[in-house]
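Subject: Structure handover

Hello,

Here is the structure you will be taking over. Please open it alongside this note.

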Amino acid sequence: MSLLVVGSMAFDAIETPFSKTDKIVGGAATYISLAASYFTNDVRLVAVVGGDFPTESVSDLQQRGISTDGLQIKADEKSFFWSGRYHNDMNSRDTLVTELNVLGSFDPLIPDSYQGVRYAMLGNLQPSVQQSVIERLRERPTLIAMDTMNFWMTTTPQELASTIGMIDLLMLNDEEARQLSGQYSLIRAARHIRQMGPRYLIIKKGEHGALLFGDNDEVFFAPALPLEEVFDPTGAGDTFAGGFMGYLAQTDDLSFANLKRAVIAGSALASFCVEKFGTEQLAQLDETQILSRMKELIRLAHVPNPIA
Ligand code: AMP
């Protein structure tokens, strides 16, 4: 099934306690669409870049079967630039620079060939931009998911609340869930956020895994794969989102059991993302590696019934 991916495509400059990059290609939509392309061959990308964006990076996406008909290239402008520095725990980071450039005036145009799309993943962007994407889809997708960040909770809370009211699944990290809901307990936070509109909620906890909330207080927890080396966590959340949504698009089954499998798929993809800088590892995986990590995660989470 088809998956619409909307989000930033960017140059990122990353500093970790162990290493540092100059400008490398990143952005939420880059990570989401690459990850999703391992599960569905119908990924339709909507994004904007400047004339400085490397054509090879666009070809890399096309080679993975991702449609770039909805990618706007503003030849005379500069691409979005983000720079961040990770703390010693490699879980938290400070944003050093955000230069919106082309993203500042992004008008997400949906090509006719993208209409009728079955699933949609709206990466972190200004909520009004995410909302205009939903409004421009003539037929409502079966499931619309979105990501956001604390910045929008502070600067445009009403716009954000109205966009959250239009979607089916929200993905946040634990800190953002607490800020959005005003609740410390993640169970209470989830209840509060689901009352804002989305039927499903995923709370990401970095190296501590992810929680999925659904109807009737259903909850699922999946660990993150413990890795020997975490090199660069940038894009892990977006990669998780891409793996999760790609898996749903492949299986087209919204039962809670299948959403759990999608969480495992997302976690497996995210584990590859953090092992190298940027999209390096994510661009060249094969199916066997992905399946093997999904199995590892299932083994890790499995408890033989002690009561039987
Ligand atoms: P993650 O590590 O999953 O939170 O995603 C990091 C990616 O988000 C980087 O590649 C950045 O280019 C991108 N990013 C950072 N800040 C923003 C922003 N304000 N709007 C859109 N994308 C952003």
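First, the ground rules. This is a predicted model, with local features needing pLDDT of at least 70 and side-chain atom pairs counted only at pLDDT 80 or more, while totals for chains, interfaces and linings use all residues. Residues are numbered from 1 along each chain as its sequence is written, and side-chain values use heavy atoms, with hydrogens and water left out.

The sheet

Helices (H or I, at least four residues) and strands (E, at least two) are DSSP runs, numbered from the N terminus. Two strands pair if DSSP finds at least two bridges between them. Strand 2 (residues 10–15) pairs with strand 3 in the antiparallel sense, over 3 bridges. Phe11 stands opposite Val25 in strand 3.

The helix pair

Axes are lines fitted to C-alpha atoms, for helices over the stretch in contact, and angles run from 0 to 180 degrees between N-to-C directions. The axes of helix 9 (residues 256–273) and helix 10 (residues 287–301) come within 9 Å and cross at roughly 115 degrees. Contact means heavy atoms within 4.5 Å. Helix 9 contributes residues including Arg261, Ile264, Leu269 and Phe272, and helix 10 contributes residues including Ile290, Arg293, Met294 and Leu297. By class, this contact has 9 nonpolar, 3 polar and 2 charged residues. Ala, Val, Leu, Ile, Met, Phe, Trp, Tyr, Cys and Pro count as nonpolar, Asp, Glu, Lys and Arg as charged, and the others, Gly among them, as polar.

Salt bridges

A salt bridge is a side-chain nitrogen of Lys or Arg within 4 Å of a carboxyl oxygen of Asp or Glu. The count by this rule is 10 salt bridges. For accessibility, buried means under 20% relative accessible area, exposed over 50%, and partly exposed in between (1.4 Å probe, protein chains only).

- Arg85 and Glu15: the closest N and O atoms are 2.9 Å apart. The pair links strand 6 (residues 80–86) to strand 2, 70 residues apart. Arg85 is partly exposed at 37%, and Glu15 is partly exposed at 21%.
- Asp215 and Arg199: the N to O distance is 2.6 Å. Asp215 lies in the loop between strand 12 (210–213) and strand 13 (219–222), and Arg199 in the loop between helix 7 (186–195) and strand 11 (200–204), so the pair ties together parts 16 residues apart in sequence. Arg194 joins Arg199 and Asp215 in a network of salt bridges.
- Arg293 and Glu275: the N to O distance is 3.1 Å. Arg293 is in helix 10, and Glu275 is in the loop between helix 9 and helix 10, 18 residues apart. Arg293 counts as buried at 14%, whereas Glu275 is partly exposed at 23%.

Gln126 is in the loop between strand 8 (119–122) and helix 3 (127–136). Gln126 is partly exposed, at 33% relative accessibility. Leaving aside neighbours within four places in sequence, Gln126 is in contact with Trp152 and Glu159. Gln126 and Met294 are 33 Å apart, C-alpha to C-alpha, and 168 residues apart in sequence.

Best regards
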